[in-house]
Amino acid sequence: MGLGVGDAMELAATGLVALLFAFVHLGGERLHFLHSVPRSLWLSAAGGVSVAYVFVHILPDLAHHQQRVEEMGLLASVERQVWLIALAGLAAFHGLERLVRRRRRTEEDEGDEVFWLHLGAFALYNLLIGYLLLHREEGSGLGLLFYAVAMGLHFLVNDQGLREHHGQAYRRARWLLAAAPLAGWALGAAIHLPPLAVTALFAFVAGGVILNVLKEELPEDRDSRFRAFAGGAAGYAALLLLAG
């Protein structure tokens, strides 16, 4: 069967967003105004937007799915399964960052197995975000716009952090991260996972977003901009609630 008009339009729209995600990694090095200490106001605001989207949009949706899991009697021996998956996403990225920071970067960084583990984990993360483009709880155009803005800015924050940490080695490897959301979008078009599996993916991504934003904002050497972060979070939260 061919695609209906609505399905074709959604496929095209989400494909454009996946391309936008890819271009964030390919063009991030040209945004020189973001490479500064104290931390760029724009990066702090972008982090606030991403966290607001998680707390105001994704986590309430997960609460709804958690209730559905409990009603279906699945995994009854474990309570709060969805929240545990979100915690696992946060813990996984925290452990990864601890491992990477223990290995000081050298001129041979590009050949370092820890470097490729770090980039591979973020490629998988980007792939999941790309996959979820077509499997959001809210399938409206406005819902896609909110997702695109929040995750696009989150990609920007991650890109600048990875670029700062890995330097020239990241410049050559960024193509992997750029290709990942496109691959995820293609998988999303071809493979439809059960609703509970999609819920688990959203939960894992939510935990990852929280950790990856806060690790960029909290270190003292970042000299981050709290007002910009809080303004981005408050402004985007207000937009989500008004649209809601």
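Start by selecting Phe93: at 5% relative accessibility, Phe93 counts as buried. The coordinates on screen are a predicted model.

**Phe93 and its partner**

Phe204 is partly exposed, and its relative accessible area is 25%. The two rings, Phe93 and Phe204, form an aromatic pair with 6.4 Å centre to centre and 50 degrees between the planes, a geometry classed as tilted. Colouring by helix shows Phe93 in helix 3 and Phe204 in helix 7. The two residues are 111 residues apart, and their pair links distant parts of the chain.

How many aromatic pairs does a search of the whole structure find? The search finds eight.

**The whole chain**

Zoom out and switch to a cartoon. There are eight helices and zero strands in the chain, and the pattern read along the sequence is α-α-α-α-α-α-α-α. Colour by accessibility next: of the 244 residues in the chain, 46% are buried. With contacts drawn, take those between residues at least 6 apart in sequence; 83% of them join residues at least 24 apart.

**Helix 5 against helix 8**

Select 141-166, which is helix 5, and 226-243, which is helix 8. Their axes come within 12 Å and cross at roughly 170 degrees. Angles over 145 degrees count as roughly antiparallel, and helix 5 and helix 8 are therefore roughly antiparallel to each other. On the helix 5 side, the contact is made by Leu142, Leu145, Phe146, Val149 and Ala150. Helix 8 contributes Tyr236, Leu239, Leu240 and Ala243. By type, the residues of this contact are nine nonpolar, no polar and no charged.

Within that contact, keep Phe146 and Tyr236 on display. Phe146 is buried at a relative accessible area of 13%, and Tyr236 also counts as buried, at 7% relative accessibility. Are their ring planes stacked or edge-to-face? The centres are 5.7 Å apart and the planes stand at 85 degrees, so the pair is edge-to-face. Phe146 belongs to helix 5 and Tyr236 to helix 8, so this pair ties together parts that are 90 residues apart in sequence.

**The nonpolar core**

Which residues have the most contacts inside the largest nonpolar core? Select Tyr53 and Tyr147, which hold that position in a core of 60 residues. Each of the helices from helix 1 (5-27) to helix 8 (226-243) supplies at least two residues of this core.

Centre the view on Tyr53 and display its surroundings. Leaving aside neighbours within four places in sequence, Tyr53 is in contact with Ile58, Gly143, Phe146, Tyr147, Ala150, Met151, Tyr236 and Leu240. Both members of the edge-to-face pair, Phe146 and Tyr236, are therefore shown again in this view, as contacts of Tyr53.

**Gly152**

For the last stop, select Gly152, found in helix 5. Gly152 is buried, with 10% relative accessible area. Draw a distance from its C-alpha atom to that of Val24: the separation is 7.2 Å, although Gly152 and Val24 are 128 residues apart along the chain. Not counting residues up to four places away in sequence, Gly152 touches Phe21, Val24 and Tyr147. Tyr147 is one of the residues with the most contacts inside the largest nonpolar core.

Conventions: Residues numbered from 1 in each chain as written. Predicted model: local features only at pLDDT ≥ 70, side-chain atom pairs only at ≥ 80, totals over all residues. Heavy atoms only, no water. Core = buried A, V, L, I, M, F, W, Y, C linked by side-chain atoms within 4.5 Å. Buried < 20%, exposed > 50% of the residue type's maximum accessible area, 1.4 Å probe, protein only. Helix = DSSP H or I, 4+ residues; strand = E, 2+ residues; numbered from the N terminus. Contact = heavy atoms within 4.5 Å. Axes fitted to C-alpha atoms, helices over the stretch in contact; angles between N-to-C directions. Parallel < 35°, antiparallel > 145°, perpendicular 65-115°, else oblique. Nonpolar A, V, L, I, M, F, W, Y, C, P; charged D, E, K, R; others polar. Phe/Tyr/Trp six-rings, centres within 6.5 Å; stacked < 30°, edge-to-face > 60°.
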